[in-house]
Each structure stands twice: as C-alpha cells, then as structure tokens.
Amino acid sequence: MSHSLDANHETLDVLRSFLTENAHILGNLVMEVEQCLQESRPNAKEQAVRVLHAYSLQLTDLSLFFEGEVLEIYPRPVDLVIVVRDVVRMLAARCEEASCHVSMPPSPIWIRGDSERLFRVFLILAEMVCAHAAYGEHEMFIALERGEGLRITLSNTGPAISEERIALLGSPGHRLHQDLPHEGWALLYAQQVVAAHHGTIQYTQSPAGGLHVQVSFS
Amino acid sequence: MLFHIDRLPAEATRLLRLFLAGSSHTLSNLVMDLDYAAQEGKPTDMEMVLRLLRAYSVQLADLPLLMDEQPLSLYRRPLDLAAMLRAVEGSMRARFERVPCALRILSDPAWIDGDETRLYRVIWLCVENANLYTTYIRDDGEVQLHLEVGACVSVLIDDNGPGVPALYLAQLGTPSLRLYDEIPGSGWSLFYARCVLEAHGGALAFEESPLGGLRVRITLPHAVASTA
C-alpha cells in the first residue's frame, strides 16, 4: 500500500522541514528532562514539566498562527533575571562543549509579559547560539542589561558566519550550517512572541567573529 | 530549502495546521495529566513521561521518511504486547478516571518481534484517539482494550464515541483526513500507526465497534521464537 501524501513537492518540503526541526527539538527536550532528573535538582520534576509545557504552548501558538490569528499574551509581572537563569540551567546539559559565560544583574528586572513563552524563546535562542558555538568549540555569552530599555544578548566567538546567512535567520527551513539542526521555524516563533511583547530580535555578526543575537524590550 | 512564511502552499499550511492541532493537544494533555497527578498528591512518573516523549520524538523523525515512502529502520526485539498494553493503559490512567477503560488480556504474555518505542507510540496513539473522541462526544464514555492471540496477535481498541461513517473507514490513516472539526487531532497519528504496523508485517484496520463507536484492530505476527 502506498503511503504517499497527495501533495506537491513544495508542500512535502515544507512538512519535511517542520517535522525534522521539531523531532530535534523534542529530542533535546527529552535530554533536558533526563538531565533535570539525573542531577536530582530541587524541583526537577517541576522544571521538566515547565519545559514540556512551554513547548506545548509553542505548538499551540503556531497552530493558531496558521489559522491566521495574531498571538495574544496575557501580561503579568515577570522577572527576566529568573527567566534567563532558568534557561541557562536548562542549557547546562548542552553547553559542555561551549563554555557559557553569563552576566546578569543581581537584582530583579521586571517586565510585563508571559513568562512561559519568554522562557521558551530564550531557550530557543540560547540553544541555537550554543549549538553554533559548540560546533567550532567556541565560547558563548549571555548578558542581560538595562540601558534605555532592556537588552538580552546571546553571542558566541564563532564559527564565523556571513551576513548573507545571518539575513536568512528566521526563515522556515533554515539552519546555520548543514551539520547543525534546523532552527528556522523556532526562530519564526521567537519573533512572534517577542513582537507580542513589543520587543525586537536582531541577528548580527559578533565582534568576536561569531553570531550575536540581541533581544530588546522598550 | 527556505520558505517564505507568507507564500507557503495552501495545502502545506492546512497539513501543518492539522498536525499542530493534534500535537499541541497531545502535549497539553500530557502536561494536564502531570498537573492532575501533582494536585492529587500522586507521584509523577517521569519515566513514563520520558518514554512518551522519546516515542513522540521518534515519530516526528519518522514522518518525513514515511512521506518519502522510505523504509523505517526498526529495532526489533522480542516484546510482550500484553505488558505494553498495560503500560499504555497505566500511562493514561489520569484520563481514564474520567472515561472508564476496561482492559482484557486473554493471552499473557503475548510475544511479538517488534520495535518497542514505535509500537508503544502506535498503541498509545490509538488508545488516546479512542479516549479523545469518546470524551468529546459524551459524558458516559467508555473504552475497552482487548488483546487476543490466534493466527496473529491482535489488539482491539473499542469506544462508544461517535464512530466513523462506513464511507470514511477506508480513508482513516490518511494524513489530510479530519472528520470532526470540533475535536482536535488529525489523520497524522493513524497514518503513522498504519505505516509502523505494516513495517512490522502487521496491519491496522477499522470497523464498527460493538460499543457503538469505532473499533481499531491492530494485528502483528507472532514472535518467530514463539511459533518455532
């Protein structure tokens, strides 16, 4: 019996890219949950459920996006320091090959937003920067700072990445390198969430030669 | 290959929407089960959660291959399908507190040669479908799981949900098929189930259930050792 979908090549390519990317995300999610439990951290189960919940929200949001609906968030006070710290903890499992330097203020930085969606977005961005850095055994940096607005920067020291390739970030089907996982669909989601928080994401070359991601909230 | 999000083919958008509706429902149900267990003061079975997530991850990785009609690389080993059916029922216990589920195992153990992760996912998907459709349609939902051994090993999953009109029975397992707009889900899960079972030399069939809803019939060949 044939199982082929009654769809044209482009449709199949779109589906294939989406499924491949999400299989990888889910594989990472399994790894994160395993790490939580193996380390017997306090609240490990709660953290594991949180990661799962955030990914579930991502899929729900994307399904609404394809229904043509605009993402709505229900803002509450969120301490970004805690959100970013939680992301760094979750990322620890995969940052072994890329030293991760974190710079955050000691006191809370409050914004009004959706903590679970922001958690998911920073995890997506941090995973991408980490995977890219680890690919070339480079270092990565995460910094949270308050200036005129709020800035969260995630960057690495390499491998080098061209402006042309950076311009494609956030396009479904894209990946930074053929040996790295796809990240286009997830970045598209990140873009939607940050925009719903009246923020922006900018991708540029890092002064140190790698990738520099800046999330700004006014 | 890159895609412009505003210029995706309409059929791709439709299939993605169907897939996402089913997937987000599956994951949010899992989160709900975990929350429910926590509220009731019951221990969270993270091994079960991991097993489900691993199996789901394998499904997502398999689907592109199946869409291209490529064969799956199965990791076969002797499996007791009776134990697997109990594990699936156990993993959905929170949901079966709302919809009673009767489990009847007529042959224990029931050995097959199969890929544990994929078959666990397939049975879980079929049982979840039965639970989902039954829950949405009626307050007195009921699901029955039945395992019997004859010329092959058979798992029957019956529900008293809305059922499927005879006209559509043969189309079940087509990714683009969605019968009830008000119920989340899509044909992706049954498409996957059908592919995995056929890769095992088994089959997935649908018929009217004696309970009034749908009967899903999973058949798999006996383990080689048990027939020798």
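Start with the confidence values. The predictor gives the complex an ipTM of 0.79 and a pTM of 0.85. For chain B, the mean pLDDT is 85. In that chain, 94% of the residues reach 70 or more. A word of caution applies to any predicted model. Where pLDDT is low, the coordinates should not be read in detail.

Next comes the place where the chains meet. Chain A puts 46 residues into the contact, and chain B puts in 40 residues. On the side of chain A that touches chain B, α1 (9-38) and α2 (44-66) of chain A each supply at least two residues. The largest share of that side comes from α1(A), with 20 residues. By class, the side of chain A that touches chain B holds 24 nonpolar, 16 polar and six charged residues.

Now follow α2(A) to another helix of its own chain. The axes of α2(A) and α4(A), residues 115-135, come within 9 Å. They cross at roughly 90°. On the α2(A) side, the contact is made by A:H53, A:A54, A:Y55, A:L57 and A:Q58. On the α4(A) side, A:E116, A:R117, A:F119 and A:R120 take part. The contact of α2(A) with α4(A) has four nonpolar, two polar and three charged residues.

Turn to the sheet of chain A. This open sheet has five strands, in the order β2-β4-β5-β7-β6. Its pairing is mixed. Which strands stand at the edges? They are β2 (100-103) and β6 of chain A. Each has a single partner strand, so one side of each is left without a neighbour in the sheet. On average, neighbouring strands of this sheet are turned by 10° against each other, direction ignored.

Strand β4(A), residues 140-146, pairs with β5(A) in the antiparallel sense. Seven bridges join these two strands. Within the pair, A:M140 stands opposite A:N156 in β5(A). In general, strands of a sheet pair through backbone hydrogen bonds.

Helices lie across this sheet as well. Helix α3(A), residues 80-91, lies across β2, β4 and β5 of chain A. It runs at about 170° to β4(A). Helix α6(A) lies across β6 and β7 (211-217) of chain A. This helix runs at about 135° to β6(A).

Two loops of chain A hold backbone details. The peptide bond joining A:G158 and A:P159 is cis, with omega about 5°. A:P159 sits in the loop between β5 (150-156) and α5 (163-166) of chain A. Further along, A:H198 has a positive phi of about 60°, although it is not a glycine. A:H198 is placed in the loop between α6 (184-196) and β6 (199-205) of chain A.

Move on to chain B. Its open sheet of five strands has the order β2-β4-β5-β7-β6, with mixed pairing. The edges are β2 (101-105) and β6 (203-208) of chain B. Each of these has a single partner strand, so one side of each lacks a neighbour in the sheet. Here neighbouring strands are turned by 15° against each other on average, direction ignored.

Strand β5(B), residues 153-159, and strand β7(B), residues 214-220, pair in the antiparallel sense over six bridges. B:I157 has B:V216 in β7(B) as its bridge partner.

Helix α3(B), residues 81-91, lies across β2, β4 (143-149), β5 and β7 of chain B. It runs at about 170° to β2(B). Helix α7(B), residues 188-199, lies across β6 and β7 of chain B, at about 130° to β6(B).

How does α7(B) meet α5(B), residues 116-137? Their axes come within 9 Å and cross at roughly 140°. The two helices are therefore oblique to each other. The crossing is left-handed. From α5(B), the residues include B:L119, B:V122 and B:L125. Among their counterparts in α7(B) are B:Y192, B:A193 and B:V196. By class, this contact has eight nonpolar, two polar and one charged residues.

One last stop is a loop of chain B. A cis peptide bond joins B:D108 and B:P109, with omega about 0°. B:P109 lies in the loop between β2 and β3 (111-115) of chain B.

How values were computed. Residues numbered from 1 in each chain as written. Chains lettered and ligands numbered in written order. Predicted model: local features only at pLDDT ≥ 70, side-chain atom pairs only at ≥ 80, totals over all residues. Contact = placed C-beta atoms within 7 Å. Helix = DSSP H or I, 4+ residues; strand = E, 2+ residues; numbered from the N terminus. Nonpolar A, V, L, I, M, F, W, Y, C, P; charged D, E, K, R; others polar. Pairing = 2+ DSSP bridges. Axes fitted to C-alpha atoms, helices over the stretch in contact; angles between N-to-C directions. Parallel < 35°, antiparallel > 145°, perpendicular 65-115°, else oblique. Left-handed = near helix turned anticlockwise from the far one by under 90°. pLDDT = per-residue confidence, 0-100.
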